[in-house]
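Please read it alongside the sequence and coordinates.

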Amino acid sequence: MCGIVGFAPVKENGAEILKQMMDRIAHRGPDGEGQFVDEYVALGHRRLSIIDLAGGTQPMATEHLVVVFNGEIYNYLELKKELENKGHHFKTNSDTEVLLHGYEEYHYEIVNHLRGMFSFALYDTTTHELFCARDHFGIKPFYYYFD
């Protein structure tokens, strides 16, 4: 099931606030938790392990991208192969990592390549851009508040 939380901008007690948010959704992910906090964004994840039990911990990151993800990408194996053929190198067998490399390759168009039920927040630590998306049918909802 998993659960993701986050906010921006980050105040001085951002890690503490994020931890409280993650604790409120602990029932959605009893198998693990992780968080990413910098001066711009705070992202948290509660995990229910289904695919790649050892390698699928989140937030997952590359050199400059960080993602938290809830759901399942049904076509991740074919996307992984496609991305490997384009020169991408994977460290895990997780569908989460496909989001990172897919974003590097296709940017916002990654959502047009995904088949499944998902919601995710992907953060670029270089540009400080936060890209959030959900599946086309809204099976995995994504709630946000803008003030």
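In what order do the four strands of the open sheet stand, and is the pairing parallel or antiparallel? The answer is given in point 2, after a remark on conventions.

1. Basis of the note. This is a predicted model; local features are reported at pLDDT of at least 70 and side-chain atom pairs at pLDDT 80 or more, while totals for chains, interfaces and linings use all residues. Residues are numbered from 1 along each chain as its sequence is written, and side-chain values use heavy atoms, with hydrogens and water left out. Helices (H or I, at least four residues) and strands (E, at least two) are DSSP runs numbered from the N terminus.

2. The sheet. The open sheet has the order E4-E5-E6-E7, and its pairing is antiparallel. Strands count as paired if DSSP finds at least two bridges between them. Since E4 and E7 are the edge strands, each with a single partner, one side of each is left without a neighbour in the sheet.

3. Strand pairs. Two bridges link E4 and E5 in the antiparallel sense, and Met60 stands opposite Val67 in E5. E5 and E6 run antiparallel and are joined by nine bridges; Phe69 has Phe120 of E6 as its bridge partner.

4. The E6-E7 hairpin. Four residues separate E6 from E7 in this hairpin, and His128 in the turn has a positive phi of about 65 degrees. That value is positive in a residue other than glycine. His128 is partly exposed at 35% relative accessibility; here buried means under 20% relative accessible area, exposed over 50%, and partly exposed in between (1.4 Å probe, protein chains only).

5. Helix H3. This helix has 12 residues and spans 16 Å from its first C-alpha to its last, close to the 16 Å expected at 1.5 Å a residue; the expected span is 1.5 Å times one less than the number of residues. H3 is mostly covered, with 10 of its 12 residues buried. Among these buried residues are Asp95, Glu97, His101 and Tyr106. The buried residues of H3 pack against E4 (60-61), E5, H2, E6 and E7, where contact means heavy atoms within 4.5 Å.

6. The two ends of H3. At its start, a side-chain oxygen of Ser94 comes to within 3.0 Å of the backbone nitrogen of Thr96. Just after the helix, His107 takes a positive phi of about 55 degrees. His107 belongs to the loop between H3 and E6 and is partly exposed, with a relative accessible area of 33%.

7. The nonpolar core. A nonpolar core is a set of buried Ala, Val, Leu, Ile, Met, Phe, Trp, Tyr and Cys residues joined through side-chain atoms within 4.5 Å. The largest such core has 22 residues, of which Ile73, Leu114 and Phe120 touch the most other members. At least two core residues come from each of E5 (65-73), H2 (76-85), H3 (95-106), E6 (116-124) and E7 (129-134). H3 supplies the largest share, five residues.

8. Leaving aside residues up to four places away in sequence, Phe120 touches residues including Ile4, Val67, Leu99, Leu114, Phe131 and Phe142. E6 is mostly covered, since seven of its nine residues are buried.

9. The loop between E3 and E4. Gly56 is placed in the loop between E3 (42-47) and E4. This glycine is buried, with a relative accessible area of 1%. Although Gly56 and Ser94 are 38 residues apart along the chain, their C-alpha atoms are separated by 5.3 Å. Gly56 touches Arg47 and Ser94, not counting residues up to four places away in sequence. Pro59 is also found in the loop between E3 and E4, and the peptide bond from Gln58 to Pro59 is cis, with omega near 0 degrees.

10. A further cis peptide. Ala8 and Pro9 are joined by a cis peptide bond with omega of about -5 degrees. Pro9 lies in the loop between E1 (3-7) and H1 (14-24).

Note on methods:
A polar contact is a pair of N or O atoms within 3.5 Å; within protein, one must be able to donate a hydrogen and the other to accept it, and residues adjacent in sequence count only if both atoms are side-chain atoms.
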